Amino acid sequence: MPCDNRYSEGLVKRSSPNPKRTAGSKKLAVLESVRRVVAHPIGKAVLAFAGLIVVVSLGVFAYYYNYYANLIEEKLYKGPYSNTSKLFGAPQVISVGDEADPDDLVDSLHRAGYSSSRSNRMGWYRRSGKQLEVFPGPDSYFQQEAHVVRFEGARVAQIVSLRDNTERTQMWLEPELITNLFDRNREKRRIVKFQDIPQIVKNAVLSAEDKRFFQHAGFDPIRIIKSAYVDLKSGKNVQGASTMSMQLARELWLTKERNWRRKIPEVLITIHLERKLSKEEIFEHYANQIYLGRVGSFNIHGFGEGAQAYFGKDLRQLTLPEAALLAGLIQGPSVFNPYRSPDRARTRRNLILQMMRDNGYIDEQQYKEACAAPLRITQGSSESVDAPYFVDLINEQLQSNFQDHDFQSNSYRVYTTLDLNLQRAATEAMRVGLKEVDAIMERRKRTAAKGWPQVQAALVAIDPRTGELKALVGGRDYGQSQLNRALAKRQPGSAFKPFVYAAALSTATDGGSNAITPLTTVVDEPTTFYYDNQAYEPNNFKGEFYGTVTLRQALAKSLNIPTVKFAEQVGYRRVADLARKAGLQVKATPALALGSYEVRPVDIAGAYTIFANRGQFIEANWIKTIRDQDGASIFNSKPNKRDVLDQRVAYMMTQLMGEVLRSGTGAGVRARGFGLPAAGKTGTSHDGWFAGFTTELICVVWVGYDDNRQLDLEGSKSALPIWTEFMKRAHRVRPYRRATEFPAPDGVVSVEIDPSSGKLASGGGCGVTPRWEVFLVGTQPLDYCNGAQTQVASWEVNEPEQNKRADEQPRKVASRRVDSIPVNPEPPAQSQQQEPPKKKGFFGRIIDVFK
């Protein structure tokens with residue numbers, strides 16, 4: 001039967017599948033299959049297991065998330081960083097007429113912890129053109145009123161109290177922060193707020209580490225994909241994908257090891273950080289925690305400490321190339337360390353600058369200028385700023401004297417005596433002076449190649465009226481050696497001799513007929529001394545002897561035999577007693593006179609207060625006040641002081657030690673350009689010493705080897721250059737500029753002496769230019785060369801109030817008193833020395849002796 005086409009077409013149409021119906025059928029088939037599988041006992045078991053895995057995974061995730069969330073909350077509540085105490089320097093004062101401008105004062109306030117925020121507990125300021133308002137906060141060292149300081153040109157024109165709107169002549173400035181006490185890991189950081197971080201530093205860090213930081217939620221997908229592509233293409237891990245939030249998570253809460261186990265908590269911590277903190281808070285924590293390498297013996301954390309360690313600056317003062325260098329350190333602090341690898345550091349810095357240009361933070365001109373800038377890093381690993389030897393000294397005293405207080409886990413504020421301006425001067429003087437010593441050692445072939453160690457040095461500077469330690473350098477490089485040589489015991493040599501001569505001159509106060517004066521003579525010749533049935537045979541420098549010499553000559557030229565003879569005359573015990581009262585532990589033997597007993601440089605500095613402070617000893621001290629985190633005072637310094645030496649004898653010693661600088665072994669001080677009234681003494685033993693002072697500062701310098709081998713370099717050539725360089729710099733700093741002649745007390749008289757006879761000079765003269773000599777009243781010469789001339793300031797007068805100490809009662813003094821005479825008068829045209837018979841001229845030979 002023939003086919004019906006229409007029937008066939010209809011069959012075709014009816015039998016053609018419907019796509020939608022077919023898809024639905026497939027879904028139904030799949031669902032049916034799933035149902036059958038689920039209904040099967042094995043399927044049920046698999047499904048239950050899968051569900052269990054999901055539930056357990058969610059539970060594990062929730063557990064660890066809560067664990068790390070609680071960890072984060074606890075650390076953020078307590079403070080994410082080591083909560084160590086802060087060390088501050090001594091307060092400074094600014095006066096009307098001082099050279100300064102608003103920028104200088106703002107920088108000083110920043111270093112002290114002030115900011116422009118009114119919520120700053122230390123204090124805040126407000127600047128308006130040439131006017132600066134300063135408001136101390138509740139944590140300020142001072143409980144003083146607010147001030148407004150006005151400037152004209154480069155000077156302070158006016159200081160006005162905002163409490164009563166009256167003018168003031170001066171204003172105390174907040175003590176500057178020296179450092180935070182480092183923790184047991186020797187980590188150092190300076191906490192900075194987000195708003196105090198300069199924009200160029202923020203831009204440099206964002207360009208170097210995470211340019212989309214303020215756009216992503218803790219993870220940067222674009223960076224992750226790019227990192228994965230680069231790593232797959234190179235076949236190794238060459239590019240990281242960690243954001244700043246992830247880096248902060250690692251730095252604060254995780255170990256340094258890199259493996260997959262660390263990635264999971266890193267992600268969890270990052271998620272919580274992004275939920276808990278704002279972007280600004282995360283950036284602030286990052287800026288204070290990030291590791292920036294090792295400088296000296298310390299691990300540097302945070303941009304605030306990094307700016308100080310590498311540039312000696314406050315973070316706000318960084319330039320564009322400095323900010324780029326700091327940001328470049330994050331990726332590899334040891335690899336790009338500018339001290340060890342300056343070329344790599346420069347290359348990395350320039351790469352950061354290129355990124356900043358590409359990101360639109362700087363233009364092409366800024367990029368080129370910054371790339372061309374040389375590396376300007378602080379020399380000496382910022383020791384002048386941080387004063388590491390001084391900080392160690394403070395740390396040791398805190399641990400020794402305050403054992404009930406944990407200074408490394410609590411925010412105590414320790415206010416010290418350190419003057420940061422003098423500390424910088426001391427560090428620089430040490431660097432300059434040791435270059436001279438190194439050059440001498442180089443000429444003598446005493447180099448490392450020949451097996452010789454480096455020469456070391458120490459410097460101590462104290463206030464003669466208070467004993468406060470103003471500067472301390474314990475070695476040439478703290479990073480190489482933390483041994484504080486200012487506290488190491490060494491033989492002071494001739495630096496001890498002033499105590500012998502002070503004891504000798506004190507005989508004039510006994511009232512007997514055997515008073516020793518500056519004109520008392522002894523014979524300088526080879527001599528054997530006997531003590532306790534033992535012979536002692538000292539020698540003079542270079543083995544040269546000069547016959548009859550006066551006490552003044554013996555001290556000025558540092559002659560050994562006369563010094564021991566004077567000690568023998570007054571008694572070794574009397575010399576030892578005086579030294580002990582001045583804080584020096586010595587024994588009463590002939591060797592005492594030549595400084596054979598070991599003492600510390602800091603002790604010599606304290607002992608010299610009896611000369612510079614009118615006979616009163618004040619023990620060196622370095623902590624003024626300690627306050628706890630609530631501002632309550634737990635310690636206030638009360639210096640140990642006592643009267644040791646008659647102030648008339650102390651004044652005479654300043655005159656005699658002034659002669660050391662004028663014509664004796666310390667004449668190099670004047671030759672090097674330090675012209676202020678001063679007194680001092682060289683010392684040479686195994687080492688080189690110079691100890692000296694003005695009315696404002698005492699400074700002691702030691703130079704030698706750590707292993708106590710012979711330096712073979714006189715104090716005048718080793719320690720004196722450092723001392724002079726420091727004193728020149730220090731006395732440009734206010735308030736040390738006002739050094740004057742040493743004031744004379746009642747009871748001393750100065751007369752003109754004929755050097756050739758030791759008698760009073762006459763108006764007609766005796767053939768030799770006369771000179772002034774100082775005596776206790778009643779001990780001056782009474783015989784005249786050809787007449788007499790005496791200078792008398794008073795007779796039976798009450799001592800002026802300005803010459804009395806606060807603890808003294810008014811007293812009647814029957815004496816002749818002179819006003820202050822120059823410590824360093826003009827040298828005479830001719831020799832002042834009496835020539836020994838049948839020997840080379842005394843002055844001619846003695847001038848060759850330089851010790």
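Modeller: A disulfide is taken as a pair of cysteine sulfur atoms within 2.5 Å. With that criterion, a search of the whole structure finds 0 disulfides. Please note that this is a predicted model, in which local features need pLDDT of at least 70 and side-chain atom pairs count only at pLDDT 80 or more, while totals for chains, interfaces and linings use all residues. Residues are numbered from 1 along each chain as its sequence is written, and side-chain values use heavy atoms, with hydrogens and water left out.

Colleague: Is Cys699 buried or exposed?

Modeller: Cys699 counts as buried, because its relative accessibility is 0%. Buried means under 20% relative accessible area, exposed over 50%, and partly exposed in between, with a 1.4 Å probe and protein chains only. Cys371 also counts as buried, at 18%.

Colleague: What share of the protein is buried?

Modeller: Of the 851 residues, 53% are buried. The protein has 27 helices and 32 strands; helices (H or I, at least four residues) and strands (E, at least two) are DSSP runs, numbered from the N terminus.

Colleague: Turning to aromatics, how many pairs are there?

Modeller: The search of the whole structure gives 25 aromatic pairs. Rings of Phe, Tyr and Trp (its six-membered ring) pair if their centres lie within 6.5 Å; planes under 30 degrees apart count as stacked, over 60 as edge-to-face and the rest as tilted. Tyr141 and Tyr415 make a tilted pair, because their planes stand at 50°, with the ring centres 4.5 Å apart.

Colleague: Where do Tyr141 and Tyr415 lie?

Modeller: Tyr141 is in the loop between β4 (131–136) and β5 (147–152), and Tyr415 is in strand β13 (residues 413–416), so the pair ties together parts that are 274 residues apart in sequence. Tyr141 is buried at 14% relative accessibility, and Tyr415 is buried with a relative accessible area of 1%.

Colleague: What is the geometry of the pair formed by Tyr608 and Phe693?

Modeller: Tyr608 and Phe693 are edge-to-face, at 6.3 Å centre to centre and 75° between the planes. Tyr608 sits in the loop between α21 (601–607) and α22 (609–612) and Phe693 in strand β25 (residues 688–693), so this pair ties together parts 85 residues apart in sequence. Both Tyr608 and Phe693 are buried.

Colleague: Which ring has Arg357 over its face?

Modeller: Arg357 lies over the face of Tyr367, at 4.3 Å from the ring centre. A charge sits over a ring if NZ of Lys or CZ of Arg is within 6 Å of the ring centre and within 35 degrees of the ring normal. Arg709 likewise lies over the face of Tyr705, at 5.7 Å from the ring centre.

Colleague: A change of topic, then. Which side chain makes a polar contact of 2.6 Å with Glu274?

Modeller: That is the side chain of Ser245. A polar contact is a pair of N or O atoms within 3.5 Å; within protein, one must be able to donate a hydrogen and the other to accept it, and residues adjacent in sequence count only if both atoms are side-chain atoms. A further polar contact, of 3.0 Å, joins the side chains of Glu274 and Lys279. Glu274 lies in helix α8 (residues 260–276) and is buried, with a relative accessible area of 18%.

Colleague: And what else does Glu274 touch?

Modeller: Not counting residues up to four places away in sequence, Glu274 touches residues including His216, Ala217, Gly218 and Ile282, where contact means heavy atoms within 4.5 Å.

Colleague: Finally, which way do the residues of β12 point?

Modeller: In strand β12 (residues 298–301), Phe298 and Ile300 point one way and Asn299 and His301 the other, and all are buried. Two strands pair if DSSP finds at least two bridges between them. Strand β10 (residues 187–188) pairs with β12 in the parallel sense over 2 bridges, and strand β11 (residues 291–295) pairs with β12 in the antiparallel sense over 3 bridges. Lys188 has Ile300 as its bridge partner, and Tyr291 has His301.
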